[in-house]
Amino acid sequence: MQGVLTGFAVIAVVIAVGYALGRGGHLGDQGREVLTRLAFHVASPALLFTTLAGADLSVVFSSRLLVTALSTVAVAGVFVAVGVVRGWGVGRTTIGALCSGYVNSGNLGIPIAVYVLGDASLVAPVLLFQLVGVTPVALTILDLSGDGAKGPLWRRLLTPLRNPIALGSLAGVAVSASGVRMPGPVMDPLTLIGNMSVPAVLLAFGISLCGSTMPGRGADRHPVLLAVALKAVGQPTVAWALATGVFGLRGAQLLDVVVTSALPAAQNLYTYASTYGVGERLARDAILVSTVVSVPVLVVVAAVLG
């Protein structure tokens, strides 16, 4: 329980600082936009590269990753199906699907893995799957559903290679797969720049809360409620069912996959929504509500399975 509360407390403090900066107008009218662009185009690609360049790619073959991948696809598929029926649009539905299954495995998952699961490396499979698999696909869909869809075929096919997030992830995987050890003078500046990513994302998120209405209202009410229900309840339930019924996981392994699946939607999803100008309120509200709801969910999961 201490790990859950510690992880959430850190995030809450930084978001509160962002909210205070927004209320006071200390960063000007363009403060949120500048932080968002900084995170998307510079800091996050650097963070993803340095993280993946030193990662052990063998973790992608674990049964835990299969549980995470299948549970993510399941809940995202439910949101997409509802979005198609309700006519929520490609971009908005993509953001909602991400909020339904893309967990906060970085700035929240790591401290929780340390304090609850006892090993920070246990979130590595989830982190790799989301960065290498989910993120490039989702951002390509967002690219093609916007202005990118109007360009020539060759330009559309090269969309993943023009996205800074995807480029950082793929470059990091390439370095890790090659076995090359990057020298300190190369990695140190990238690490320093990458360290800005999480604070920039959280501060921008806090600024976005200024003057906003209560979450779960207006035109995004139903998408938000659906995304939160799928993220907070649906995904950990599916993960538990798959882990016990299909893969036969028990004990610490079962606790690992269910806890990571119960993590709330990641804050960087708001950066994606803001960058592409689609589903911003949906992302903001779903992240906020799922973060609050996930506290009791994680406490219960840790108590029952721990």
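Me: What is a salt bridge here?

Reply: A salt bridge is a side-chain nitrogen of Lys or Arg within 4 Å of a carboxyl oxygen of Asp or Glu. Two notes on the source. This is a predicted model, where local features need pLDDT of at least 70, side-chain atom pairs count only at pLDDT 80 or more, and totals for chains, interfaces and linings use all residues. Residues are numbered from 1 along each chain as its sequence is written, and side-chain values use heavy atoms, with hydrogens and water left out.

Me: How many salt bridges does this rule give?

Reply: The count comes to 6. Take R64 and D256: their side chains meet in one, at 2.9 Å from N to O.

Me: Which helices hold R64 and D256?

Reply: Helices are DSSP runs of H or I, at least four residues, numbered from the N terminus. R64 sits in helix α3 (residues 63–86) and D256 in helix α12 (residues 251–261). The two are 192 residues apart, so this pair links distant parts of the chain.

Me: What about E33 and R37?

Reply: Their closest N and O atoms are 2.6 Å apart, in a salt bridge. Both lie in helix α2 (residues 31–53), 4 residues apart, or about one helical turn. E33 is partly exposed at 30%; R37 is exposed at 52%.

Me: Which residues form a network of salt bridges?

Reply: R281, R284 and D285. Between R284 and D285 the closest N and O atoms are 3.2 Å apart. Both R284 and D285 are buried.

Notes:
Buried means under 20% relative accessible area, exposed over 50%, partly exposed in between (1.4 Å probe, protein chains only).
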